[in-house]
Amino acid sequence: MQDIAILIISLGIILISAGFFTNGVEWLGKKLNLSEGAVGSVLAAVGTALPETIIPLIAILLGVGEASRDIGIGAILGAPFMLGTLALFLSGGAVLMFRNRRSGNYPRIEPDPVVLQRDLSFFLVVYSVAIATSFLPHTLKLIVAAGLVGAYIYYVYKTFTCSDSEKQDECHIDRLYLARKHEDPPGGRVVLQVVLAFVGIIVGAKFFVDGIEHLSASLGASPLVIALLIAPIATELPEKLNSVIWLSGNKDTLALGNITGAMVFQSSVIPAIGIALTPWQLTPVALLSAVLTIVSALVTYLLMRYRGYLDSRVIVFTGGAFYGGYVLAILVGIV
């Protein structure tokens with residue numbers, strides 16, 4: 001129970017600190033006179049991605065031994081796996097649940113096919129490369145890691161096409177949390193909030209990693225499996241529940257793009273960290289999660305390409321079957 005309590009408390013620290021960081025870094029961008037697009041699409045994105053980025057970094061850099069390395073790799077692979085299976089399962093389920101509130105052709109989900117095909121095709125290529133890198137010599141792995149970061153930069157460039165009005169909506173900034181009475185907070189207070197929030201994320205991530213290590217030891221389970229299943233659900237899934245809300249209001253492109261856009265980031269920048277800082281030799285357990293993620297994403301991509309829409313019943317089945325099948329395989333010891 002103590003290990004579970006540590007995980008819950010540390011997760012709370014991470015998520016609260018991430019909220020403060022995002023708010024602070026948006027104000028920092030405004031203070032530095034950065035463009036609205038840079039503030040909304042880059043700085044805010046960095047803030048929301050910090051929890052799932054910092055956890056593997058802390059595990060790899062500050063951890064000791066093979067268990068910490070496995071936790072880092074598990075957290076890296078767990079995010080794409082959760083997004084490509086469980087998040088799609090929840091999206092399809094949301095359409096089935098809110099069918100009376102949605103207009104259009106039930107049970108279809110009809111996001112912009114160009115957006116989804118672009119995101120998913122990028123994901124399929126980049127994530128496949130990241131996984132295949134496990135079989136390459138170390139020198140080539142470093143080259144691939146640099147290439148993955150460069151690929152994500154190119155993706156951001158290609159998708160940076162919002163209109164001015166859309167950027168304005170995205171870049172609305174709440175008042176600084178440490179200066180609620182100020183419409184234009186002092187610069188020193190902005191920097192202080194950013195620094196304190198960043199420290200909070202690091203401290204929370206360190207306790208979270210230690211908690212996973214202790215929990216896996218007490219359960220006699222693999223740290224990689226515990227991290228792969230727990231870390232992404234804790235850090236990614238709460239944000240992706242926004243997609244459920246958007247689907248209830250027929251905002252299909254926003255809802256599915258929220259998931260596939262995160263898949264792109266989690267298939268490029270985050271694996272690059274693992275490739276550069278660990279031996280990146282994936283076990284059968286890790287490889288199975290990656291293969292299931294790629295197959296699930298491929299099914300979704302083919303549906304969008306050849307039908308132009310998603311059938312909510314199909315993605316409920318595929319997402320649930322792949323995620324549930326993986327958990328079942330772990331429990332019965334198949335892998």
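User: Before counting anything, what counts as a helix or a strand here?

Analyst: Helices (H or I, at least four residues) and strands (E, at least two) are DSSP runs, numbered from the N terminus. In this predicted model, the chain has twelve helices and two strands, and along the sequence these elements follow the pattern α-α-α-β-α-α-α-α-α-α-α-α-β-α.

User: How should I read the packing of two helices, and what are the values for helix 7 and helix 8?

Analyst: Two packed helices are described by the angle between their axes and the distance between the axes. Here the axis of helix 7, residues 187-219, comes within 9 Å of the axis of helix 8, residues 223-235, and the two cross at roughly 135°. Angles over 145 degrees would count as roughly antiparallel and 65 to 115 as roughly perpendicular, and helix 7 and helix 8 are therefore oblique to each other. The crossing of helix 7 past helix 8 is right-handed.

User: Which residues make the contact?

Analyst: Helix 7 contributes Phe-208, Ile-212, Leu-215, Ser-216 and Leu-219, while helix 8 contributes Pro-223, Ile-226, Ala-227, Ile-230, Ala-231 and Ala-234.

User: Turning to the chain as a whole, what share of its residues is buried, and what share of contacts joins residues at least 24 apart?

Analyst: Of the 335 residues, 50% count as buried. Among contacts between residues at least 6 apart in sequence, 81% join residues at least 24 apart. The accessible surface of the chain comes to about 15,300 Å², with 66% of that area belonging to carbon and sulfur atoms.

Notes: Residues are numbered from 1 along each chain as its sequence is written. This is a predicted model: local features need pLDDT of at least 70, side-chain atom pairs count only at pLDDT 80 or more; totals for chains, interfaces and linings use all residues. Side-chain values use heavy atoms; hydrogens and water are left out. Axes are lines fitted to C-alpha atoms, for helices over the stretch in contact, and angles run from 0 to 180 degrees between N-to-C directions. Angles under 35 degrees count as roughly parallel, over 145 as roughly antiparallel, 65 to 115 as roughly perpendicular and the rest as oblique. A crossing is left-handed if the near helix is turned anticlockwise from the far one by less than a right angle, and right-handed if clockwise. Contact means heavy atoms within 4.5 Å. Buried means under 20% relative accessible area, exposed over 50%, partly exposed in between (1.4 Å probe, protein chains only). Accessible areas come from the Shrake-Rupley method with a 1.4 Å probe; for residues, only the protein chains shown count as cover.
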